[in-house]
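Subject: Structure handover and findings

Hello,

Here is the structure you were waiting for. Please open it alongside this email and follow the notes below.

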Amino acid sequence: MNAKVVLSLENITKRYPGVLALNKVSLDFIEGEVHALLGENGAGKSTLIKAVAGAISIDSGFIHIGGQSYQQMTPQLSRGMGIEVIYQEFNLIPTMSAAENIFLGDKVSNKRFVDYGTMRKKTREIFELFKVDINPNALVGELSPAQKQIVEIAKAVSKKVKLLIMDEPSAPLSISEVERMFEIIKQLKEKGVTIIYISHRLEEVFRISDRVSVLRDGEYVDTKLTANTNRKELISLMVGRELKETYPSRLNPPGSIALEVKNLTGNGDRDISFSVCKGEILGISGLVGAGRTELAMMLIGAAPIERGEIWIGGRQVKIRSPKEAIQNGIGLLTEDRKNKGLFLELGVGWNISFPIVRKLSNYGIVDQKSEKDITEHYRERINIKTPNMEQLVINLSGGNQQKVVLAKSLAAESEILIFDEPTRGIDVGAKQEIYQLMCELADNGNAILMITSDMEELLGMSDRIIVLSEGKLVGEVQKEQFSQNYILDLASGIH
Ligand SMILES: Nc1ncnc2c1ncn2[C@@H]1O[C@H](COP(=O)(O)OP(=O)(O)OP(=O)(O)O)[C@@H](O)[C@H]1O
Ligand SMILES: [Mg+2]
């Protein structure tokens, strides 16, 4: 291979209070390669790419690019070099349209005026590449996480990009959208664009990357040719030991019906009827936009129900607000951690114990020891990487924020738990722990509704699966009939 190094990182070090996020990391990137970056939650992946993009300052080291060496990048400098970054957390402006976001900072202007016509036309062309039906005039704040992500990708691709950095781009996407994204990556690669691809989904790394590098606890571990390595080896490089990947077995069969929903209609969903038993994990499958999160929103009282009935433990209940949902023992782990799940400017411990402060209080005074015990228990159990419980959630890595969302829902001990994409952005090791925890909850008699776009997880964890498509329930699948193709066909309306 006639390898031309386009970006070379030398001894990059970045320290945050209590954390050495990057410790003398050196790494080369070659023209036209797809270079995957792997590592556990908090390993330093996002920090490394922020250093390249000039979004943060580094303590020491050099960035060699375009024949120059820099001790510090700036956003302008990296833009000027053709570096585009799709960040893990969205960076779009919610009050502007999709088209305006894509062309923000560009000169699609006709003399003094912004040429909205051209902007919309170009936006439409990019969306056509994705075969998605998003209105260029739609306000970004009103788009779903998947649509937002497509706007992010479109924004980066619309520029003259030489180095495209993608930090977990597939997390909010469903299978078919991921395929289209891969097509676009291939086209860019053929044009000689270098791509740095961060993902916790190893299947993706094997499908599209040429080389893969691993970080662990802020240190560089190794780089492999993707063709010369395997899943097991990469996992052990990431976690520093062997790790068995399994779906835990369950001790108890499902019991009596915990929740029954009859003809539930509202929030874009129509006539949805199903039930879930105590001790059962019911998988909820469907393409992005099928109405799964919308269903969850009605069940937790966050969206109005037009008609239909909800029965809990054989009693009909009314759920008109999140408070009423909690009173009826329904808890939600949200998919959109940045918007609904967390108080980012407050501490880790506070976020976990907030929903249960009442339970932890005696005559209005919080029992600090039990609070500490509970929060510590979950920190250890799912390995939340934080220097202490006072650390602000905003300073945690993406995956560790998701772990806080999870700990918070688990600590609340609701009898009926709705998990919306529980392991999105979570590393392989913690995923195993989460599966174990979910099984323990089921074995203790909790009913679990699991919305997931991860097909392996859906098939591996569910006792039964229901499939939604365009706001309707299109199928119920028993364990004996579980297969990826069957479920995908149902989801896309083939059966
Ligand atoms: N602004 C900050 N203040 C304090 N600590 C920070 C800050 N940003 C990152 N860190 C810490 O630096 C470490 C590396 O974080 P980073 O976001 O790079 O991880 P990551 O590999 O991207 O993980 P993930 O897979 O969860 O996204 C973590 O321990 C994180 O808590
Ligand atoms: Mg990250």
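Glu 371 counts as buried because it has 21 C-beta neighbours inside 10 Å. The rule for burial is this: a residue is buried if 20 or more other C-beta atoms lie within 10 Å of its own, exposed if 12 or fewer, and partly exposed in between, with C-beta atoms placed from the backbone. Glu 371 sits in helix α13 (residues 368–381). Helices (H or I, at least four residues) and strands (E, at least two) are DSSP runs, numbered from the N terminus. Leaving aside neighbours within four places in sequence, Glu 371 is in contact with Ser 353, Leu 360 and Val 366. Contact here means that the two C-beta atoms, placed from the backbone, lie within 7 Å. Gly 218 is 153 residues from Glu 371 in sequence, and the two lie 31 Å apart in space, C-alpha to C-alpha.

A note on the source. This is a predicted model, in which local features need pLDDT of at least 70 and side-chain atom pairs count only at pLDDT 80 or more, while totals for chains, interfaces and linings use all residues. Residues are numbered from 1 along each chain as its sequence is written, and chains are lettered from A and ligands numbered from 1 in the order in which they are written.

Domains

The domain assignment gives domain 1 (5–239) and domain 2 (257–491). Such bounds come from an automatic or database domain assignment. The C-alpha centres of the two domains lie 29 Å apart. Across the boundary, 22 residues of domain 1 are in contact with 21 residues of domain 2. On the domain 1 side, α5 (145–157), α6 (175–190) and α8 (231–239) each supply at least two of the touching residues. That side divides into nine nonpolar, nine polar and four charged residues. For these classes, Ala, Val, Leu, Ile, Met, Phe, Trp, Tyr, Cys and Pro count as nonpolar, Asp, Glu, Lys and Arg as charged, and the others, Gly among them, as polar.

Ligand 1

Where does ligand 1 lie? Domain 1 and domain 2 both give residues to its shell, so ligand 1 lies between them. The shell holds 19 residues, and the closest are Asn 41, Ser 46, Thr 47, Ser 397 and Gly 399. A residue is near the ligand if its C-beta atom, placed from the backbone, lies within 6 Å of it. β2 (19–30), α1 (45–53) and α14 (398–411) are the elements that give two or more residues to this shell. By class, the shell has five nonpolar, 12 polar and two charged residues.

Cores

The largest nonpolar core has 66 residues. A nonpolar core is a set of buried Ala, Val, Leu, Ile, Met, Phe, Trp, Tyr and Cys residues joined through C-beta atoms within 7 Å. Leu 299, Val 404, Ala 407, Ile 418, Ile 448 and Met 450 touch the most other members. α14 gives the largest share of this core, six residues. Not counting residues up to four places away in sequence, Leu 299 touches Ile 319, Ala 325, Ile 330 and Ile 418. A second, separate core has 63 residues, including Val 85, Ala 99, Ile 102 and Tyr 197.

Two buried strands

Start with β22 (residues 447–451). Five of its five residues are buried, so β22 is largely enclosed by the rest of the structure. Ala 447, Leu 449 and Ile 451 cover one side, with Ile 448 and Met 450 on the other. Strand β15 (residues 281–285) runs parallel to β22, joined by four bridges. Strand β21 (residues 416–420) also pairs with β22 in the parallel sense, over five bridges. Two strands pair if DSSP finds at least two bridges between them. Met 450 is the bridge partner of Gly 283 and of Phe 419.

Now β10 (residues 194–198). Five of its five residues are buried. Strand β3 (residues 34–38) runs parallel to β10, with four bridges. Strand β9 (residues 163–167) is parallel to β10 too, with five. His 35 has Ile 196 as its bridge partner, and Leu 163 has Thr 194.

Positive phi

Glu 168 has a phi near 50°, a positive value in a residue other than glycine. Glu 168 is in the loop between β9 and α6 and is buried, with 23 C-beta neighbours inside 10 Å. Asn 263 also has a phi near 50°. Asn 263 lies in strand β13 (residues 257–266) and is exposed, with 11 other C-beta atoms within 10 Å.

Best regards
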